[in-house]
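I opened this model to look up its fold, its strand pairing and its helix packing. My entries follow in the order I made them.

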Amino acid sequence: MSAGQMPPWLQEQLMKLQQSQQNLQSIMTQKQHLEMEKAETEKALEELKKVDDADAVYKQAGTVLLKSTKKELVDELEEKQEMAKTRTTVLEKQETRVKETLKEQESKITEMMKSGSEAPKPAEDNPRK
């Protein structure tokens, strides 16, 4: 079936499917960034724990280094870790939702293809539960 003769309802479903796939891609990318951030934070915390409490420590703020204290930096990094955890949880929930939506959309398209080219009856097209 070439795109020219593709029924409008199928085009619409395929567009929705594509949108879901892009959503999923975006979620995966965000998760990857978080993983990298998490690894960097853990490494920084490890290094900090080796430092003596009285030693001068510095943190990068843009292009400058600011003098800080070990405790301040540890607190800051641990807070960053917590926030990353929360964001990861949110992203994982979104990922699960989008994957379910994708499954539904794929089976809907398969059903429509099987039942021939007539558009689905509105009764079957149940609103979100």
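**Hairpin**

I started with the strands of this predicted model. Strand S1, residues 57-61, and strand S2, residues 64-68, run antiparallel and are joined by five bridges. I then looked up the partner of Lys-59 and found that it bridges to Leu-66 in S2.

Next I checked the turn. The hairpin of S1 and S2 has two residues between its strands, and Gly-62 takes a positive phi there, near 70°.

**Helix pair**

I turned to the helices. H1 covers residues 8-50 and H2 covers residues 70-114; they pack with their axes 8 Å apart, at an angle of about 160°. Because angles over 145 degrees count as roughly antiparallel, I noted H1 as roughly antiparallel to H2. I recorded the crossing of H1 and H2 as left-handed.

I also looked up which residue classes make up the contact of H1 with H2. I found 21 nonpolar, 11 polar and 14 charged residues in that contact.

**Whole chain**

How many helices and strands are there in the protein? I counted two helices and two strands. Read from the N terminus on, the order of elements is α-β-β-α.

For burial, I noted that 22% of the 129 residues of the protein count as buried.

Last, I looked at contacts between residues at least 6 apart in sequence: 66% of these contacts join residues at least 24 apart.

Terms used. Residues are numbered from 1 along each chain as its sequence is written. This is a predicted model: local features need pLDDT of at least 70, side-chain atom pairs count only at pLDDT 80 or more; totals for chains, interfaces and linings use all residues. Side-chain values use heavy atoms; hydrogens and water are left out. Two strands pair if DSSP finds at least two bridges between them. Helices (H or I, at least four residues) and strands (E, at least two) are DSSP runs, numbered from the N terminus. Axes are lines fitted to C-alpha atoms, for helices over the stretch in contact, and angles run from 0 to 180 degrees between N-to-C directions. Angles under 35 degrees count as roughly parallel, over 145 as roughly antiparallel, 65 to 115 as roughly perpendicular and the rest as oblique. A crossing is left-handed if the near helix is turned anticlockwise from the far one by less than a right angle, and right-handed if clockwise. Ala, Val, Leu, Ile, Met, Phe, Trp, Tyr, Cys and Pro count as nonpolar, Asp, Glu, Lys and Arg as charged, and the others, Gly among them, as polar. Buried means under 20% relative accessible area, exposed over 50%, partly exposed in between (1.4 Å probe, protein chains only). Contact means heavy atoms within 4.5 Å.
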